[in-house]
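Subject: Structure handover

Hi,

Here is the structure we talked about. Please open it and follow along with the notes below.

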Amino acid sequence: MTVTSAGAVPTEAYDVVVVGAGVVGCAVARELARFPALRVALVDAAADVGEGTSKGNTAILHTGFDAVPGSLEARLVRDGQRRLAAYAAETGIPVEPLGALLVAWDEEQLAALPALAAKAARNGHHETGIIGADELRAREPHLGPGALGALDVPGESVVCPWTTTLAYATQAVLAGADLHLNCRVEDVSAGVPHHRLATGRGTLSTRFLVNAAGLHADTLDRHMGHDDFTVTPRRGQLIVFDRLARGLVRHILLPVPTALGKGVLVSPTVYGNVLLGPTAEDLDVDARTATGSTEAGLAFLREQGRRVLPDLLDEEVTAVYAGLRAATGQDDYRITSHPGERYVTVGGIRSTGLTASMAIAAHVAELLGEAGLETGPPRELPPPALPRLGEASERPYENARLIAGNPVYGEIVCHCERVTRGEIRDALAGPVPPASPDGLRRRTRARAGRCQGFFCGPAVRALFDEAKGAAG
């Protein structure tokens, strides 16, 4: 088990190096780690897994009902949804199958619902149905005035994106994959039998290369001599409302999509909050770190939210954030195999990437096999011990038997999110420990609540510093 964040990288060649430790890259590393004959490395420029696109999304486990029928994305989202739902049940990743309602606010949108139902059927999702205004009002009594009906989409769920990424990375590491963080790939020299990756920590050698670099996938692609697509960052700003707003909404509320996109949703989260967003702002091609929120963006979201769920705007806002999606101007994923170069590009993975991640990983493993990677027989992976972040399941502070066995699970450190000293201790000692208090927040929810760390911040920081000091 090897996780490094400083010092020289190993000089011994790998069979496969996966660049990019977002949810897709971690899923690919986990899939390859099933084969003990392979020597695998996962590398990322950031200090933690899931530090890029994967930490700032809408946390929806899609059914794929609205994908472009026949596309690679449609196939992988449908397959990925089944895989991730089963994996979540097996490992404890928080998921709540709330279902979605696509709400029609005018006659034109109402008339579009049958075509959306037909599209869902072409994507293999036959459970949708159109409901009228009265039933819609009964199911969502706090909906704003004027809604004419909705398309009911059972199976749409909310999921924890942080735990998903951590679960993949943890299983990969426990199975023997190397995880090298703070390891930016600056150049690539393609060669035989090994590609050589120049990083900020030395040179990595590998027979096969997987490019899952997200917002930087096009840059790495060009290092390999390909110019197939350009990533244009698409910013999505979101508002998180306090858990007191949770009673206002029962489903994932979606607008009827237009040519401009899927629009702004209102959705519960697995943590008990309510989410409003995202915007969809195409940024300059070089703005690949522009994750700031703007006054205009937040005003737009409030305007949209006021129509959908007016009472929501009277509730307290816990946080705002923004994520960047790796848009390419194409309607489909840009997953391409270059067998002669022993190289697979996994580009253009947009907001559905979380749902599709396990199917993408299986697809990439198949492409590597077709390119000549001999994997040998697979094995069962060791189960990851994951934090229990979901409000729908029992949290550690509620578990009397757990507390009786170890009182640290009864010591609340973050009172807003009811995070215990035991959970923080476990996260800091985990196989893939956090590199910062923000990483610790994604593993425990500490500092993610109403006070945003105003009260618990010093205590959390002290525990973090103590653990890092002991580790150093």
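The lining of the second largest pocket has ten nonpolar, four polar and four charged residues. (Nonpolar means Ala, Val, Leu, Ile, Met, Phe, Trp, Tyr, Cys and Pro; charged means Asp, Glu, Lys and Arg; the others, Gly among them, are polar.) This is a predicted model: local features need pLDDT of at least 70, side-chain atom pairs count only at pLDDT 80 or more, and totals for chains, interfaces and linings use all residues. Residues are numbered from 1 along each chain as its sequence is written, and side-chain values use heavy atoms, with hydrogens and water left out.

The second largest pocket holds about 450 Å³ of space. Of its 18 lining residues, A385, L386, P387, R388 and D426 are the closest to its centre. Helices α5 and α10 (421-428) each give two or more residues to this lining. The largest share, three residues, comes from α10.

Some terms. On a 1 Å grid over the protein atoms alone, a pocket is an open set of points with protein on both sides within 12 Å along at least five of seven lines; a cavity is a set where a 1.4 Å probe fits but cannot get out; lining residues have an atom within 4 Å of a point. Points are joined across faces, edges and corners, and a volume is the space filled by probe spheres set on them. Helices (H or I, at least four residues) and strands (E, at least two) are DSSP runs, numbered from the N terminus.

Now the cavities. The whole structure has two of 30 Å³ or more. α5 (161-174) and α11 (437-444) each supply at least two lining residues. α5 gives the most, with four.

The second largest cavity holds about 40 Å³. D221, D228, F229, R334, T336, H338 and T345 line it. Strand β20 (residues 334-338) gives the most, with three residues.

Last, a helix pair. How do α1 and α8 cross? The axes of α1 (residues 23-33) and α8 (residues 353-370) come within 8 Å and cross at roughly 45°. (Axes are lines fitted to C-alpha atoms, for helices over the stretch in contact; angles run from 0 to 180 degrees between N-to-C directions.) That makes α1 oblique to α8. (Under 35 degrees is roughly parallel, over 145 roughly antiparallel, 65 to 115 roughly perpendicular, and the rest oblique.)

Best wishes
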